[in-house]
Amino acid sequence: MSGVDPARLGRFRPHFDRYVEDGRLPGWLVVVHRDGETHIECSGRRDIDADLPVEEDTLWRIYSMTKPITSVAAMMLWEEGRFELKDPVSHWLPEFADMRVFRGGAMAKVVTEPAVEPIAMWHLLTHTSGLTYGFHHANPVDALYRAAGFEWASPPGMDLEGCCEAWAELPLLFQPGSEWNYGVSTDVLGRVVEVISGQPLDEFFAARVLGPLGMVETWFSTQEPEHDRLAALYTPDPETGRATRSPASDAAKRPPEFLSGGGGLVSSAADYLRFTRMLLGGGELDGVRLLSPRTLRMMASNHLPGHADLEAFGRPLFAETTFDGVGFGLGFSVVEDPVAGRYPSSRGEFAWGGAASTAFWVDPAERLVVLFFTQLLPSSTYPLRSQLHQMVHQALVD
């Protein structure tokens with residue numbers, strides 16, 4: 001591989017295998033792609049109980065790595081003139097008109113005020129909408145989400161349209177555009193894609209994104225023939241720290257009622273590499289163009305006011321890395337200051353990860369795509385992403 005020291009690439013396995021050997025991770029897979037060449041390495045088990053190894057074609061729950069796919073889908077519609085970034089979301093989802101915003105109080109008696117401006121499309125893409133997640137456990141609004149049945153899943157029998165209607169009944173965490181908070185914004189964006197396109201989200205993905213890119217192993221659930229390839233899901237045992245099989249391991253084997261554009265997809269390393277190679281290629285892969293290079297550059301630019309980083313503009317969240325020097329664009333985190341995070345990166349690198357400790361980044365300056373897959377909830381358990389940056393950058397020698 002051009003500009004990469006093979007001996008230094010050999011440091012990946014002993015480093016990440018330490019996590020496997022002491023039981024902290026079931027297994028892992030790393031992809032490094034540069035200048036048209038790809039290095040793939042994997043180790044450990046995709047299913048410990050069944051003694052099935054991680055293989056290159058293993059299927060993974062990518063959770064929030066679904067968000068960039070939904071964001072690309074939305075911006076494809078933007079390129080067609082179907083919406084403007086400043087348009088209110090209520091143009092397509094009227095339930096989001098006249099939103100209320102949390103001012104104070106406890107869950108039993110929350111005090112709210114009217115939103116001073118509507119949630120706009122760019123608020124959804126940048127996570128500045130005021131929407132949240134129930135699993136944050138940081139605010140009375142998070143508790144209201146949990147009380148409505150939204151923590152790590154959605155209430156039984158509720159589809160994407162129903163979820164959006166339920167979220168619109170809850171107060172926003174802050175005035176739209178005033179802060180950054182990770183939440184269900186991209187799920188709402190997925191619903192807007194459905195309304196504008198007139199297609200369910202899975203059909204739009206298949207017809208406009210996954211199919212054209214040749215991503216033939218990315219779905220909202222796996223079919224029976226692929227069940228053995230799906231990695232089991234694990235959580236750390238609170239006493240020993242060892243990876244313990246999660247009861248949610250079989251959920252991805254059933255078609256979901258709720259098509260989550262924020263976290264619902266299962267994919268393979270080969271498929272997600274095609275998606276990220278399209279991003280590195282300025283919106284095009286193998287003659288198929290999804291986005292203009294200029295659109296992608298705009299998406300991979302920091303849209304936070306004053307080029308602020310998430311540490312200054314965002315709410316404190318569980319995360320395995322700090323947000324120092326990292327801003328947020330239209331669907332991706334974006335490195336503003338490579339030194340501030342205290343691990344190697346490049347200005348303009350854009351990235352995101354998933355709840356089961358998966359991650360990716362695209363580094364145009366280094367002509368580089370890196371993917372990491374495992375299945376351990378939550379992603380904040382170990383500093384895998386910062387260590388992966390160290391492992392990759394120490395191997396670059398040109």
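1. Buried here means under 20% relative accessible area, exposed means over 50%, and partly exposed lies in between, with a 1.4 Å probe and protein chains only. In a regular strand the side chains alternate between the two faces of the sheet. Five of the five residues of E15 are buried, so the strand is largely enclosed by the rest of the structure. Helices (H or I, at least four residues) and strands (E, at least two) are DSSP runs, numbered from the N terminus.

2. On the basis of the note: this is a predicted model, in which local features need pLDDT of at least 70 and side-chain atom pairs count only at pLDDT 80 or more, while totals for chains, interfaces and linings use all residues. Residues are numbered from 1 along each chain as its sequence is written, and side-chain values use heavy atoms, with hydrogens and water left out.

3. Which strands flank E15? The sheet is open and has eight strands in the order E3-E2-E1-E16-E15-E14-E13-E12, with antiparallel pairing. Two strands count as paired if DSSP finds at least two bridges between them. Strand E3 (52-53) and strand E12 (326-328) are the edges, each pairing on one side only. Strands of a sheet pair through backbone hydrogen bonds, either parallel or antiparallel.

4. E15 (residues 359-363) and E16 (residues 368-373) run antiparallel and are joined by five bridges. Val362 stands opposite Val369 of E16, and Phe360 has Leu371 of E16 as its bridge partner. The hairpin of E15 and E16 has four residues between the strands, and Arg367 in this hairpin takes a positive phi near 55°.

5. On the E14 side, E14 and E15 pair in the antiparallel sense over four bridges. Phe350 has Val362 of E15 as its bridge partner. E14 and E15 form a hairpin with five residues between them, and Ser357 in the turn has a positive phi of about 75°.

6. Helix H9 (269-280) lies across E1, E2, strand E14 (350-353), E15 and E16, and runs at about 150° to E16. Contact means heavy atoms within 4.5 Å. Axes are lines fitted to C-alpha atoms, for helices over the stretch in contact, and angles run from 0 to 180 degrees between N-to-C directions.

7. H9 is also one of the elements against which the buried residues of helix H8 pack; the others are H3, helix H7 (185-197) and strand E10 (284-285). The buried residues of H8 are Leu201, Phe204, Phe205, Val209, Leu210 and Leu213. H8 bends by about 40° at Ala207, where the bend is the angle between axes fitted to the seven residues ending there and the seven starting there. Gly214 follows H8 and has a positive phi, near 75°.

8. How do H3 and H8 cross? The axes of H3 (residues 67-79) and H8 (residues 201-213) come within 11 Å and cross at roughly 75°. The two helices are therefore roughly perpendicular to each other; angles under 35 degrees count as roughly parallel, over 145 as roughly antiparallel, 65 to 115 as roughly perpendicular and the rest as oblique. H3 contributes Ile69, Thr70, Ala73, Met76 and Leu77 to the contact, and H8 contributes Phe204, Phe205, Arg208 and Val209. By class, this contact has seven nonpolar, one polar and one charged residues. Ala, Val, Leu, Ile, Met, Phe, Trp, Tyr, Cys and Pro count as nonpolar, Asp, Glu, Lys and Arg as charged, and the others, Gly among them, as polar.

9. Ser249 lies in the loop between strand E8 (243-245) and strand E9 (266-268), and is buried at a relative accessible area of 3%. Leaving aside neighbours within four places in sequence, Ser249 is in contact with Arg61, Leu230, Ala232 and Leu233. Phe323 is in the loop between helix H11 (310-313) and E12 and counts as buried at 15% relative accessibility. Not counting residues up to four places away in sequence, Phe323 touches Asp309, Leu310 and Glu311.

10. Backbone points to check by eye: Arg342, in the loop between strand E13 (333-335) and E14, has a positive phi near 65° and is exposed, with a relative accessible area of 68%. Asp51, in the loop between E2 and E3, is not a glycine but has a positive phi of about 55°. A cis peptide bond with omega of about -5° joins Leu377 and Pro378.
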